[in-house]
Amino acid sequence: MKQISIDIETFSDVDLKKCGVYKYAESLNAELLLFGYSVDGGEVQVVDITQGEKIPSDVLTALSDENIIKWAFNASFERVFLSIWLERNYPQYFSSYSINEDTVGNYLNPSSWRCSKVWCAYMGLPLSLESAGAVLGLDKQKMSQGADLIRYFCKPCKPTKANGNRKRNLPCHSPIKWQTFKAYNKRDVEVEMSIQKKLSRFSVPDFVWNEYRIDQMINDRGIAVDTQIVENAIQFDTMCKEELKSSLKEMTGLENPNSVQQMTQWLSENDIHTDSLDKKAVENILKTAPEPISNALKLRKQLAKSSVSKYYAMKEAVCSDGRERGMFQFYGASRSGRWAGRIIQLQNLPQNHIDDLASARSVLKYGDYEMMKMLYENIPDTLSQLIRTAFIPRQGYKFIVADFSSIEARVLSFLADEQWRLDVFESGGDIYCASASQMFHVPVEKHGINGHLRQKGKIAELALGYGGSCGALKAMGALDMGLKEDELQPLVTAWRNSNPNIVSFWWDVDRAVTKTVKMHIDTETHGIEFSYKSGMMFIQLPSSRKLVYVRPRIGENQFGSECITYEGIGTNKKWTRINSYGPKFVENIVQAISRDILCYAMQTLQHCFICAHVHDELIIECRKDVSVQAVCNQMGRTPPWIRGLNLRADGFETMFYMKD
């Protein structure tokens, strides 16, 4: 046996979508129902565990054998669930890859597991088995009855008189459905194997599978949660919302002031007309609303704050050892290969701006609601800012939080050879001040001479690096930051005039992509290679990883100009044809290279206990004697495949997660 393809069907009383596979699998009520598999591409077998069939011993042995490759679509589900199931039911076949100091002891080694979902993501394909099969035009497609069958057999059911008040459906309750379910399980293995066969000419590089192994290790390790902080935050939130509702009812006379319909009607009766109460609409009303109205809207704004829902997600998903696991989806963003957040979504946690963050956290930890009210006027906002601090290192350890400084700006400047920017990074200067100085031809210092221009430099840097114009500035909040409408276009012009090599880079890439797609030939610019094969365009990065664009062709954009189009997952999360052009491809390239640099840092620091990562930041759980500077020095090492790029990593140590 060299490899085995696997698909399993399972039951648990834990909500998989809310809690993730780790909490789902560790439930005492979790069961393996069906085990579909194929050895070395042979006939698919389905083992009916529920009705007493046994998995062959050589297959059980293969699950822990690191010399046998295990394939599955979304393999982390199979690996994690089978880890716990195997340890409970066949401990003699289970082996972990943990050391005493690590927290991955309950799981099979991911080094011999491969995920065809990752393969699809690498190839720019949809991330569901059904959609990927459809796009690839497979002979055998995923069975459409799957969702109904999973709902029937894999989840608890509502007790009714009609079903005899049972809380779960078993094969005996519908033998016909059960036979269909077994056929469905078999078909999933067949579809997964067909995907492998279809993509066999475009294998995922071994170094990407090594990145996947590190990703799975980080997900297995998880990150500890201060459950007292979580419980108190939920309690404070409940108490505060009751008080806010009561105050709002008294102010407005409404039965439910949290209702948009009731609140807009009340505003209308007070000569304020609006169809929306979203954040932007409320902020506009507050600019001119008289005090009684503004007070009511401010209270409602607090009441409507949803970011504290993260605490509820933490409580739902925390594992029995107090750690949150499975929060990162490898290759979740197929255009760059970056991670996507899952469950708690660490990538979009609220920022913390409270000066005395530790003191505020102590009040919450102690559970003193009255003290919280006395010290902090806006409790929902305070709780929101404290969400990060609920993540803590385990006993006797600390966090080192380290991130790259201006990583995308450095990569973009390096690829485009924009020398003045490279000089700024080399000297350790402030890119926002330097950009403003370059744009306005005056010296700019933070909190110093012409310091007011730094904000314009910052907004320009954040919005304009990938071809953005006035619309990008607005989307980045330029008007909210005090810039005027008539300042936007001059700002765009000034930034582009200051960065001629970056602008040239956009259009060099545009020409290279267009030539490759039109003529199906290889092109190259700025060290980036473009090629066309089998109806796909490939962009080879310095790391040797490739970005893939499915069925590219020449199309027409909204302005009637020629552009590149390709098939991919659009903003509506559906498979569609997408328009693109040079600056957008540059954005993909820069973000992809930045992602590869982070992966390189993960590899060089994998001997440390990386327990989470957010954008370009690593959160490391380590002994208290580990040096922050040593970690930052290691993280800031330039990969050998992009020699000459000036990198810098900054970090700090803390006993709870925060932004420095």
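How many bridges join strand E6 to E10? In this predicted model, 2 bridges link strand E6, residues 223-225, with E10, and the two strands run antiparallel. One of the residues involved is alanine 224, whose bridge partner in E10 is isoleucine 392.

Strands E6 and E10 belong to an open sheet of 3 strands, ordered E7-E6-E10, with antiparallel pairing. Strand E7 (323-324) and strand E10 (391-392) are the edge strands; each has a single partner strand, so one side of each has no neighbour in the sheet.

Another strand, E16, spans residues 562-569 and contains threonine 565. Threonine 565 counts as buried because its relative accessibility is 3%, and the cut-off for buried is under 20%. Its side chain makes a polar contact of 2.7 Å with the side chain of arginine 577. Leaving out residues up to four places away in sequence, threonine 565 touches Arg551, Pro552, Arg553 and Gly555, and also Arg577, Ile578 and Asn579.

Asparagine 646 sits in the loop between helix H25 (628-635) and strand E20 (649-654). With a relative accessible area of 24%, asparagine 646 is partly exposed, because that class lies between the limits of 20% and 50%. Not counting residues up to four places away in sequence, asparagine 646 touches Arg410, Phe425 and Glu426. Leucine 422 is 224 residues from asparagine 646 in sequence, yet the C-alpha atoms of the two are 7.9 Å apart in space.

The remaining topic is the nonpolar interior. In soluble globular proteins, nonpolar side chains tend to be buried together. Here the largest nonpolar core has 193 residues, and those with the most contacts inside it are Phe35, Met123, Ile195, Tyr311 and Ile539. Helix H24, residues 582-604, gives the most to this core, contributing 11 residues.

What does phenylalanine 35 contact, leaving aside its neighbours within four places in sequence? Its contacts are Ile6, Asp7, Ile8, Gln45, Val46, Val47, Ile55, Val59, Leu82 and Asn185.

Technical notes: Residues are numbered from 1 along each chain as its sequence is written. This is a predicted model: local features need pLDDT of at least 70, side-chain atom pairs count only at pLDDT 80 or more; totals for chains, interfaces and linings use all residues. Side-chain values use heavy atoms; hydrogens and water are left out. A nonpolar core is a set of buried Ala, Val, Leu, Ile, Met, Phe, Trp, Tyr and Cys residues joined through side-chain atoms within 4.5 Å. Buried means under 20% relative accessible area, exposed over 50%, partly exposed in between (1.4 Å probe, protein chains only). Helices (H or I, at least four residues) and strands (E, at least two) are DSSP runs, numbered from the N terminus. Contact means heavy atoms within 4.5 Å. Two strands pair if DSSP finds at least two bridges between them. A polar contact is a pair of N or O atoms within 3.5 Å; within protein, one must be able to donate a hydrogen and the other to accept it, and residues adjacent in sequence count only if both atoms are side-chain atoms.
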